[in-house]
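Work through the exercises below with the sequence and the model in view. Each task is followed by a solution in steps.

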Amino acid sequence: MKSLKIVALGAALALSLAACAGDGAGGGSGESSGAPAADDGTKTVGVAMPTQTSERWIADGKAVEDGLKAAGYEVNLQFGNDDIPTQQQQIDQMITKGVDLLIVASIDGTALANQLDAAAEKGIPVIAYDRLINGTKNVDFYVTFDNYNVGVQQATSLLVGLGLLAEDGKAAGAESGPFNVELFAGSLDDNNAHFFWKGAIDTLKPFMDDGKIVVKSGQTDIEKAATLRWLQETAQKRMEDLLTSTYSDGSKLDGVLSPYDGISRGIITALQNAGYGPGQDAGLPIVTGQDAEIASVKLINDGVQFSTIFKDTRKLATQAVTAAESYLKGEEPEANDTETYDNKVKIVPSYLLESDIVYANNIKSLLVDSGYWTDAQVASGQA
Ligand code: GAL
């Protein structure tokens, strides 16, 4: 079986090398393959990722590309630079070039309906990667994490950090507050932002209702809390504004719900610039996060950021490749959720993965022992 595959791969490679030598055509920058699919029978998968400003999407792109190549497919991988027209154009080009399947992590989940119509006309299956694509019937499958539960975990870690919940995240903690907390959300055009927010708010609500948590700014709507494109600088600016508008009377901020590590680092920078101390004891609030980005894992290790959520993107990439292989063999991929992800036109069959809360005391067991980061990377904060 294995040797047959290698022979087939070798033949495909020889053919595609011959094709390249013949016309000299190469891919544009950042492309893994600019060649039209299928002359030699090798199938090509178009992979559209949102941005390279966050290391997770670079890692996702590479992991999906590696997995597809190992399975014998050609890959056309593009990053959209967080710019909607760029991503639309990249997907248009993939379709024109004749890819056999699309894997898309959207920038704006509502902006790709035209592209997906064109894909459907050509019979190209579409897998939404991590972020759901809304408002179209032409998204076939969705691989992601249990995004509501990610929000629950973010809020749980905040409550643990404040001492309102015990370390196990279940029993009541030793503290009763009241604690001043501010809330941040992700980008409103990303469907995930709403799931994270809902999971978090449902978890915090009982504590807000009984006065143990006070959102002193009063900014408890997702529209107010949102961070367009999940940008660190945008979050830093909002935190600075909140400190000026709400905490310049000397009152102390105890915790910040942050939905993503880049946002967390913007928040922490604003707090440090305003004189909040480097360690929790010295007064830095409890700040949550998501993605286990290496810069934030170091901050957690150093006692600066309190927590993050680990979503093993290697597993997500594997799941995307498995689903792609099913479609390319003419089969339906296996879903484990057919109820949750309604994209306003249909419920998209999904495969959901589980996530974990990272605290300083489990960096080693969750991230280092699993090979996600090395000890040296955790110490340096560099990938
Ligand atoms: C979300 C994703 C998060 C985080 C965020 C910012 O869609 O689910 O894990 O990466 O985007 O990139």
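**Exercise 1: the ligand and its surroundings**

An oxygen atom of the ligand is 2.5 Å from an N or O atom in the side chain of D190. The model is a predicted one.

Task: Find which residues are around the ligand, and state how much of the ligand's area the protein buries.

Solution. 

Step 1. Begin with the polar side chains. Besides D190, whose side chain has an N or O atom 2.5 Å from a ligand oxygen, D130 places a polar side-chain atom 2.7 Å from an oxygen atom of the ligand. For R131, a polar side-chain atom is likewise 2.7 Å from a ligand oxygen.

Step 2. Consider the area. The ligand taken alone exposes 300 Å², and 98% of that is buried by the protein.

Step 3. Assign the shell to elements. Two or more residues come from each of α2 (55–70) and α6 (191–209).

Step 4. List the shell. The residues around the ligand are R56, W57, D130, R131, D190, N192, F196, W230, Q290, D291 and K311. By class, this shell holds 3 nonpolar, 2 polar and 6 charged residues.

**Exercise 2: a pair of helices**

Task: Decide how helices α3 and α4 are oriented to each other, and name the residues that make the contact.

Solution. 

Step 1. Take the axes of α3 (residues 84–97) and α4 (residues 113–121): they come within 10 Å and cross at roughly 10°.

Step 2. Angles under 35 degrees count as roughly parallel. The helices α3 and α4 are therefore roughly parallel to each other.

Step 3. On the α3 side, Q88, I91, D92 and I95 make the contact; on the α4 side, Q115, A118 and A119 do. Sorted by class, the contact has 4 nonpolar, 2 polar and 1 charged residues.

Conventions: Residues numbered from 1 in each chain as written. Predicted model: local features only at pLDDT ≥ 70, side-chain atom pairs only at ≥ 80, totals over all residues. Heavy atoms only, no water. Near = heavy atom within 4 Å. Polar contact = N/O pair within 3.5 Å; in protein donor to acceptor, adjacent residues only side chain to side chain. Areas by Shrake-Rupley, 256 points an atom, 1.4 Å probe, with all protein chains shown as cover. Helix = DSSP H or I, 4+ residues; strand = E, 2+ residues; numbered from the N terminus. Nonpolar A, V, L, I, M, F, W, Y, C, P; charged D, E, K, R; others polar. Axes fitted to C-alpha atoms, helices over the stretch in contact; angles between N-to-C directions. Parallel < 35°, antiparallel > 145°, perpendicular 65-115°, else oblique. Contact = heavy atoms within 4.5 Å.
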